[in-house]
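Dear colleague,

I am passing on the structure below, and I would be glad if you could read it alongside the notes that follow.

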Amino acid sequence: MMLWRLFLLSFVFLGQQAPVPLLHPVSPMPSFSVVSVRPSKPGEEGPRGGAGDDNYHAEHSTMDVVLAYAFGLGFDQELYGGPSWMRNEQFDIQGKLDADAAPAFRSMGRDDREEQMRLMVQTLLKERFHLTYHFETREMPVYRLQIAKGGFKCPADTTSPPVITDPTRPRFRLPSMLPPPPPPPGYHPPSPAEMARLQQSMHLRTRGWPFWLLAAMLSHQPELNGKPVIDDTGLDGSYDCQMVWSREGSEGTNQYLFAAMQDQLGLKMTPSRGDVEVLVVDSIDHPSEN
């Protein structure tokens, strides 16, 4: 239950930390054989999305979320430009491979398959939303995830089963949100009052987590305000970490995130500056009809 609550409260981006090159187009670009794009109906739950064996889907999703998937963006400040509707209008998007191409796609390794799927979403954005863009490298404020004075405090975990099917560090950032575990029977989303209470006492336990997943979770807490994070720890493998903290601004009595990381995990986020590759949207239109 606690793991479900933790993922409810924080979108988690996976994969290596910045600076990581964004996913540039190739020639020739792959594409879906069937594409559907529609405005989302009001009141639908979301956003939801991801890649299947032969398809990509995004429901109730804004275009900045779809762009993040297509180009491998991991942090809010890696996306610049674009009209305001790109960040607040929601769409349902489906892309499907041709049946003849699906077997070869399924036979690819995880990272190759992920790259091809995201390149196909780039093609979809260009053809249906008339997206034009360019890449830049900008110096900007970042955080560096480092081992704190006194050393890393989490013991190695060599006995817990992996929490994800393939725990190896991915070549690219995976889909922008890690799906939480299935909710227990009878589960209902917390009300605003219940959510406020949950933020008073957050709990983390990482048995079976690869370290890159822990680093990703810490890197996308709201206290960091979407700034890119560079993992300078050099840590790998799986560790049994435990941390209890309260969201800043809540009525909780636990330590806030930065103090809890240092005292309980032996990790710290150090403000710094660094060169980060960003995607600049030059233009994007409302989608053409199906």
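Two strands count as paired if DSSP finds at least two bridges between them, strands (E, at least two residues) and helices (H or I, at least four) being DSSP runs numbered from the N terminus. This is a predicted model, in which local features need pLDDT of at least 70 and side-chain atom pairs count only at pLDDT 80 or more, while totals for chains, interfaces and linings use all residues. Residues are numbered from 1 along each chain as its sequence is written, and side-chain values use heavy atoms, with hydrogens and water left out.

In E3, Ala-58 is the bridge partner of Gly-49; E2 and strand E3 (residues 55-62) run antiparallel and are joined by four bridges. Both belong to an open sheet of four strands with antiparallel pairing, in the order E1-E5-E3-E2. Strand E1 (34-39) and strand E2 (48-51) each have a single partner strand, so one side of each is left without a neighbour in the sheet.

Leaving aside neighbours within four places in sequence, Phe-129 is in contact (heavy atoms within 4.5 Å) with residues including Val-37, Trp-85 and Ile-284.
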